[in-house]
Amino acid sequence: MPDHKALTRHEAETPRRLMATSWLYFSHCRHVLPVLILYALIGCKVESDLPAGDADNGGLLLPDQFVALVVVDSLKSRARHIAVSDNGDIYVKSRFAKEGGNVALRDTTGDGKADIIQPFGDYPDDGTYGTAMRIYNGYLYFSSQLVVYRYKLTPGQLIPDSPIEVILTDDHAHGRHEHIAKPLSFDDKGNMYVPFGAPSNACQELNRTPNSPGIDPCPMLEDHGGIWRFDAGKTGQTQKDGFKFATGLRSIVAMDWNTDDGNLYAVMHGRDDLLRLWANRFSPWQSAELPSEEFLRIREGTDAGWPYCYYDQIQEKKVLAPEYGGDGNITTRCEGFEKPLIGFPGHWAPNDLLFYHGSQYPDRYKGGAFIAFHGSTNRAPYPQAGYFVAFVPFANGVPSGPWEVFADGFAGADPVVNVSDAVYRPMGIAMGPDGSLYIADTEKGKIWRILYTGKKDDFGQTQLAKMEQRKSAAHIRRPHISDDNLDKGVVAGGEKIYNVYCGSCHQNNGLGASGRFPPLAHTQWVTGDKKRLINIVLQGLTGRIEVNGEPFDNTMPQHSFLSDSEIANVLTYIRTSFGNKAGAITADEVRLERESIDHGP
């Protein structure tokens, strides 16, 4: 691999430069008119400085006159958020810290493909939710799960050689938790905005445990479930050095500062498990579609209402959460909380947001918002949804029209029954210096560049028609209550229990969701020691584990509320399904382990 310090961007002469040079020469000649005629004839053949798109657009479906090319087909460390410098270099936050927690990409030939791929960044690996990658005031900012770092960039140099600086450290004693990602945004006054996600689904007394009430008031809101503002240039900060800017925000990964109106915007991950936790109040269909992923304008003092209320995009109102006495309709206590600009369907997983201020795309995109929906994991028993990039037109700080499908085809499957069926899942969005959009994928580390090749004045509803039709795809449209229910025909037994209480995380095929929920297929955690498996169900499991070579660090809640026979049935089901060939577990075996826990050793 060539030395990155010695590399310069290739600048090939274009027909436009040749025309300019020739004109200087011929302007001194007598035969100017024939030359003008000659260039008028060949002018229509002058090619754009933009690279050509791939023949298949890298597998993406886009509005007419847009094309895509694959910048890099895969990165060993995969990808989260990305940033693009003024000279077109791409910086990737790695999902896994292999050979450095970041990756730098450079195209030296002008074809849009990255021919230099170089890992960099030496800092502790504290989990797979390291997220942010942003460029601000000449610095490259990025985050692990617990720390925000930065490097000073040197113009024209791919890999920064300045000392790494620690800007912010999450110093909470609990360390890791389920909403610990730290995306970043910056305003025009030197401030950095960082969410501290809630270490809970809905602030229950027993997290993610059926029928457990919510703690009231929720103590987590003191230092979690909100966005804090910090000095972007100050090193060595902890949360106490920041200012609580907004609250009532369960989990934020998609966030951007809109320079048009000087406001922060975010798309919040709504809470999960209405069916699993409150099966007597919500149907499987409601649990799949609700609650909304909320697109919010965030001002100082904003309170979006978590955990007490959530937004129902079907009823278009905020309703009381079941942990606080709600039944899906009651609105008491919820009237004063911030309402979203748009309520997207539940569990689409909004993981990046970018307001477009480039000049390459048609004018209708100027100032609008692109949102990467990473895709759901817990809409069972209905198909998973999301897995595309949406566009929201904007004017005067509010959406000026309905949201649109901008880029689709990432999943490569429809319907997406299990999250592992999705080949790619869009995550990071960034804009290049020429106005191109770059989109990164978490599953393979693939990165696309999307360019516009048509005449801006020609773009309109005709070019958008086929993307409007994409809204009828199974992973985007609202599911049919009966026709799309994948549990049809499953009446009882271990499979039914699994689908209600386990499938939303571990998926119908038992393969889990990479980086979040471990697989149950072909692992000693399932097929090995019976007592260990029973105890995990009875007592839950917290802390970092490794399953089939991949680390996981989420909390599995206890399921002791299930009867001995129900636990025996569901564990027998998973030990004999998904390619597993282990023996059955009996109700007596579960009873003995439960008594051992209750009475102690």
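**Strand pairing, cores and disulfides in the predicted model**

Within strand β7, Leu140 is the bridge partner of Ile135. The model is predicted: local features require pLDDT of at least 70, side-chain atom pairs count only at pLDDT 80 or more, and totals for chains, interfaces and linings use all residues. Residues are numbered from 1 along each chain as its sequence is written, and side-chain values use heavy atoms, with hydrogens and water left out. Strands (E, at least two residues) are DSSP runs, numbered from the N terminus. Two strands pair if DSSP finds at least two bridges between them.

Strand β6 (residues 133-136) is joined to β7 by 4 bridges, and the two run antiparallel. Their hairpin has 2 residues between the strands, and Asn137 takes a positive phi near 50° there. On to strand β8 (residues 147-152), β7 makes 5 bridges, again antiparallel. A hairpin of 3 residues connects β7 to β8. Tyr139 has Lys152 of β8 as its bridge partner. Burial is defined as under 20% relative accessible area, exposed as over 50%, and partly exposed as in between (1.4 Å probe, protein chains only). In β7 (residues 139-143), 5 of the 5 residues are buried, so the strand is largely enclosed by the rest of the structure. In a regular strand the side chains alternate between the two faces of the sheet. Both faces of β7 are covered: Tyr139, Tyr141 and Ser143 are buried on one side, Leu140 and Phe142 on the other.

A further 4 strands form an open antiparallel sheet in the order β2-β3-β4-β5. Its edge strands, β2 (82-84) and β5 (116-120), each pair on one side only. Neighbouring strands are turned by 20° against each other on average, direction ignored; the axes are lines fitted to C-alpha atoms, and angles run from 0 to 180 degrees between N-to-C directions. Strand β4 (residues 102-106) is joined to β5 by 5 bridges. Arg106 has Ile116 as its bridge partner in β5.

A nonpolar core is a set of buried Ala, Val, Leu, Ile, Met, Phe, Trp, Tyr and Cys residues joined through side-chain atoms within 4.5 Å. The largest core has 25 residues; among those with the most contacts inside it are Phe66, Tyr361 and Tyr365. Strands supplying at least two residues each include β1 (66-72), β23 (369-373) and β30 (447-452). A second, separate core of 21 residues includes Phe344, Ile371, Phe373 and Ala390. Contact means heavy atoms within 4.5 Å. Beyond its neighbours within four places in sequence, Tyr365 is in contact with residues including Phe66, Phe370 and Phe406.

The model holds 2 disulfides, taken as pairs of cysteine sulfur atoms within 2.5 Å. Cys203 is joined to Cys218 (S to S 2.1 Å). This link is right-handed, with 100° about the S-S bond. Both cysteines lie in the loop between β11 and β12, so the pair ties together parts 15 residues apart in sequence. Cys309 is joined to Cys334, also with S to S 2.1 Å. Here the torsion is about -85°, so the disulfide is left-handed. Cys309 is in strand β19 (residues 309-312), and Cys334 is in the loop between β20 (317-320) and β21 (342-344). Cys309 is buried at 5%, as is Cys334 at 1%.

Arg208 is in the loop between β11 (191-196) and β12 (226-231). Arg208 is buried, with a relative accessible area of 10%. The Arg208 side chain makes a polar contact with that of Asp272 (3.5 Å). Such a contact is a pair of N or O atoms within 3.5 Å; within protein, one must be able to donate a hydrogen and the other to accept it, and residues adjacent in sequence count only if both atoms are side-chain atoms.
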